[in-house]
Each structure stands twice: as C-alpha cells, then as structure tokens.
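Here is a short briefing to read alongside the model. Take a moment to look at the picture before going through the points.

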Amino acid sequence: MAVAVAVAVPMLGACGIRGTDVIEAGGPASFQAFLNRDTDMLLFFRAPDGSLAPVIRTVESSTEFGDGYSESGSGDAAQDPIPTEKVVLALLSGPRTEDRAAGLTSTLPTPRRGTTIKLDRSGNDRIKAGLPIALAPLDTTAIHQLTCTIAYSEEADGDIAVELTGQDGTSRSGTCGLDPDSSGNEPVATQTP
C-alpha cells in the first residue's frame, strides 16, 4: 500500500494537478461542540500553566436489557440535563487519573460523603450556591473552577452570575467570562467578595 501511495504522488504532480493552499475555516473547535448536556458534565480544572481547562465527563445513563447488557444513551429523548448539584460534587471529587496524567489539578477540598449543594435559582440571571466547603482559604483559580462549572451547568453559554457561599459564611460572586471560542481557556471572571 505504501508503494502505491509513493508512486501515485509523483504521478499526480506530472498530470498538472496543482496543490492547494490551506484554507482557513474559522477558529479551533471548542468544547461546546462536543458537549451533550443530557449525558455530559463540564468540569473545570487547573491546567499546568495556571489557567482553567474544561473536562467533559459522560455520566453513565443506561437502560438495562438483562444480564449485564446495557445500551448507553438510550431511553427517553427528553431527558433533563444533569443536575448542577451532581456536577459540583463531581468537581469537588477532583481530577481523575487520566486528568492528572494530562497535568490537571485542583486545590478544592473534597467534602465529606453525604454532603449536599444547595442551589437557589430564584433570580433570572443569577444562581446562588451554598457549598459544603469553606471559601476563605481558596485561591482565585479554585473560585473560578467553581464559578465556571456552575455557570456552564446552569446555562449552555455559561452566561449567568454565580453567588457562592461557603460553610464558613464567606461569599464570592461573579461570572465565568470564559469565551469558549477564544484561543485560550483562561476565564476573565469578575469576582466580588
């Protein structure tokens, strides 16, 4: 097969077929193109350069057909998106082995088993999140991880204000500000104490 390709390339050049230049077709693909809000969670971890890196995790939502056979993604097509509470608990569980192998980390503490996230969606353009962790000791990137994970779980474009309140009574609010179509993944978060 390699011989056929090696022979065909010079023959095409001899037939007068000219090569073409690279044609620009827009920016790089974003994580939005690959996210299925019914079966995927979008989590944000710390990249080696200190920026945020989105990680898509698929939740096993399967229909059983007996004796260990399951078909992933089958069932009701009008399935609801994964609850934000579950997404935040997945973030707080930290990066998986494959995420750590890619250099992703998190300084978010792991909450005790059985803890819950309390969300208040009463504001149209704001969500309040009561978290089972202290916010005061968290650095800016950890706050951005929480803000962006919650924002993108609630809104497909991540365009919602997030108000975080920790178990220590500390509050932070802001927006993610991540532009998934830009070349970098660093959010431009606006945070207020």
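Helices (H or I, at least four residues) and strands (E, at least two) are DSSP runs, numbered from the N terminus. This is a predicted model, where local features need pLDDT of at least 70, side-chain atom pairs count only at pLDDT 80 or more, and totals for chains, interfaces and linings use all residues. Residues are numbered from 1 along each chain as its sequence is written, and side-chain values use heavy atoms, leaving out hydrogens and water.

**On the surface: Asp125**

- You will find Asp125 in the loop between strand 5 (118–120) and strand 6 (126–130).
- Asp125 is exposed, with a relative accessible area of 58%; exposed means over 50%, buried under 20%, and partly exposed in between (1.4 Å probe, protein chains only).

**Inside: Val87**

- Val87 sits in helix 2 (residues 84–92), and it is buried, with a relative accessible area of 3%.
- Leaving aside residues up to four places away in sequence, Val87 touches Met41, Leu42, Leu43, Ile82, Thr149 and Ser153; contact means heavy atoms within 4.5 Å.
- Val87 and Leu43 are 44 residues apart in sequence and 7.4 Å apart in space, C-alpha to C-alpha.

**Around helix 2**

- The buried residues of helix 2 include Thr84, Val87, Val88, Ala90, Leu91 and Leu92.
- Their cover includes strand 1 (40–46), strand 2 (52–58), strand 5 and helix 4 (140–154).
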